[in-house]
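Here's a quick tour of a predicted model, written for someone who likes cut-offs spelled out. Have a look at the fold first, then read on.

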Amino acid sequence: MRERDVPQEGNATLAGHRKGVYAIADDGKLRLVPSRGWEVEEIVTRQAVEDLERRAGEARVRVLSGESSPLEYHMYRARMDVQLLSQGTGLWRWRVRRHLKPAGFARLTPALRLRYAEALGISSEALDRVD
């Protein structure tokens, strides 16, 4: 994309902020150009957020029925999936998946609870609650 073609339509999901986009300048060099975003990007972002909100709602129902742990709800509420939570905590994905089950979650050590809480941006006490 050429520097002059970088979209500046605006994107409500960026909340007025700008982001950097790489584009080719007139001298042929790659430059970082500020962009306010564009409509297509906003539509895709909204769809992804709506999907994660739907998953959080479904996870909440599973938690309340005892089929899943509160960790699953908090993971989706924080707009994460198993892979992202795994990366954020430094745990293997199989361990995260095990902790999404009530029995695995019940055996979490205080240190692991704190790791999850920090990755999710909540307190370790809030990890047990589902809003």
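His-99 sits in helix H4, residues 93-99, where helices (H or I, at least four residues) and strands (E, at least two) are DSSP runs numbered from the N terminus. At 4% relative accessibility, His-99 is buried; buried means under 20% relative accessible area, exposed over 50%, and partly exposed in between, with a 1.4 Å probe and protein chains only. Its side chain makes a polar contact of 2.7 Å with the side chain of Tyr-116. A polar contact here is a pair of N or O atoms within 3.5 Å; within protein, one must be able to donate a hydrogen and the other to accept it, and residues adjacent in sequence count only if both atoms are side-chain atoms. Leaving out residues up to four places away in sequence, His-99 touches Ser-69, Leu-71, Gly-104, Phe-105, Leu-108, Leu-112 and Tyr-116, with contact meaning heavy atoms within 4.5 Å.

A couple of ground rules: this is a predicted model, so local features need pLDDT of at least 70 and side-chain atom pairs count only at pLDDT 80 or more, while totals for chains, interfaces and linings use all residues. Residues are numbered from 1 along each chain as its sequence is written, and side-chain values use heavy atoms, with hydrogens and water left out.

Tyr-116 turns up again around Thr-89, which touches Val-96, Arg-115, Tyr-116 and Ala-119, not counting residues up to four places away in sequence. Thr-89 belongs to helix H3 (residues 82-89) and is buried, at 6% relative accessible area. Its side chain reaches back to two backbone oxygens: that of Leu-85 at 2.9 Å and that of Ser-86 at 3.3 Å.

Now for the charges. Side chains of opposite charge can pair when their charged atoms come close. The whole structure has 10 salt bridges, each a side-chain nitrogen of Lys or Arg within 4 Å of a carboxyl oxygen of Asp or Glu. Here are some of them:

| Pair | N to O distance |
|---|---|
| Arg-54 and Asp-51 | 2.4 Å |
| Glu-72 and Arg-62 | 2.5 Å |
| Arg-77 and Asp-131 | 3.5 Å |

Arg-54 and Asp-51 both lie in helix H1 (residues 39-64), 3 residues apart, or about one turn of the helix. Arg-54 is partly exposed at 40%, and so is Asp-51 at 27%. These two also belong to a salt-bridge network that links Asp-51, Arg-54, Arg-55 and Glu-58.

Out on the surface, Tyr-22, Ile-24, Leu-30 and Leu-32 form a nonpolar patch with about 450 Å² of accessible area together. Strand S1 (19-24) and strand S2 (30-35) each give two or more residues to this patch. Patches use residues with over 30% relative accessible area and no salt bridge, joining like charges within 9 Å and nonpolar side chains (Val, Leu, Ile, Met, Phe, Trp, Tyr) within 5 Å; areas come from the Shrake-Rupley method with a 1.4 Å probe, and for residues only the protein chains shown count as cover. Leu-30, in strand S2, is exposed at 60% relative accessibility.

Zooming out, the chain has 6 helices and 2 strands, and its C-alpha trace spans about 60 × 25 × 25 Å along the principal axes.
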